[in-house]
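Here is a friendly walk through one protein chain, written for someone meeting structures like this for the first time. Keep the picture beside the text and look up each residue as it is named.

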Amino acid sequence: MKRILIVDDSFYMRTMLKNMLTDAGYEVVGEAPNGQTALELAKETNPDLITLDVILPDNTGLDVLKGIKADQPDMKVIIVSAVGQEVIVNEALEFGALSYIVKPFSEEKVLEVVSQALAE
C-alpha cells in the first residue's frame, strides 16, 4: 500500500484529500497544517508521496518543497493549491514537484495525478 503525507493549512482540505486517498486504497501516514510539521513528518514517516499546498501559515510551499528535496531528493511531491499563477507553477516544477493541481479540483483529477506520480 502506497503511503501519502498531506500538507495543507486547511483542515477541511486535508480531510477531503484524506478521504479521497483512503477510499482509493492509499494509506495517509500524516497530515501537516504547516511547513515545519511537514518537514518533520516527511522525515519521520518517509511517505511514497507528499501532497503540498503553496500557502502555509509559517512558510511557502515552495520553501517546504526545497527543504524536502534537500533532505530526500527522491521524494515524490505533488502541489495542490488554489494558487495557479504560471510563475508559481513553473517554480514548483523546477524545484522538483512532479505535478501541480489547482483547487478546486475533481476527485478523478487528484487520483489520476497521484496514480501517475506513484507509477514513475
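Leaving aside neighbours within four places in sequence, Asp53 is in contact with Val7, Asp8, Asp9, Gly61, Val80, Ser81 and Lys103, where contact means heavy atoms within 4.5 Å. Asp53 is found in the loop between strand 3 (49-52) and helix 3 (61-71). Helices (H or I, at least four residues) and strands (E, at least two) are DSSP runs, numbered from the N terminus. Asp53 counts as buried because its relative accessibility is 3%; buried means under 20% relative accessible area, exposed over 50%, and partly exposed in between, with a 1.4 Å probe and protein chains only. An unreviewed UniProt entry annotates Asp53 as "modified residue: 4-aspartylphosphate". UniProt positions are given here in the numbering of this text with shortened feature names, and such annotations may be inferred rather than shown by experiment.

Before going further, a word on the source: this is a predicted model, in which local features need pLDDT of at least 70, side-chain atom pairs count only at pLDDT 80 or more, and totals for chains, interfaces and linings use all residues. Residues are numbered from 1 along each chain as its sequence is written, and side-chain values use heavy atoms, with hydrogens and water left out.

The peptide bond from Lys103 to Pro104 is cis, with omega near -5°. Pro104 is found in the loop between strand 5 (99-102) and helix 5 (107-119). Another backbone feature is at Asn46, where phi is near 40°, a positive value in a residue other than glycine. Why point these out? Most residues other than glycine have a negative phi, and most peptide bonds are trans. Asn46 is in the loop between helix 2 and strand 3.

| Residue | Relative accessibility | Class |
|---|---|---|
| Ala38 | 0% | buried |
| Leu49 | 0% | buried |
| Asn46 | 47% | partly exposed |

Which residues does Ala38 touch, not counting residues up to four places away in sequence? They are Leu5, Val7, Ala32 and Val64. Ala38 is found in helix 2 (residues 35-45). The C-alpha atoms of Ala38 and Leu65 are separated by 9.6 Å, although the two are 27 residues apart along the chain.

Leu49 is in strand 3. Beyond its neighbours within four places in sequence, Leu49 is in contact with Arg3, Ile4, Leu5, Lys76, Val77, Ile78, Val114, Ala117 and Leu118. Leu49 and Gln72 are 23 residues apart in sequence and 11 Å apart in space, C-alpha to C-alpha.

Finally, step back to the whole chain. It has five helices and five strands, and read along the sequence they follow the pattern β-α-β-α-β-α-β-α-β-α. Of the 120 residues, 48% count as buried. Residues 24 or more positions apart account for 64% of the contacts with a separation of 6 or more. The C-alpha atoms fill a box of roughly 30 × 30 × 30 Å along the principal axes.

The unreviewed UniProt entry also has the annotation "domain: Response regulatory", which covers residues 3-118. The end C-alpha atoms of that span lie 10 Å apart, and the span is 48% helix and 21% strand.
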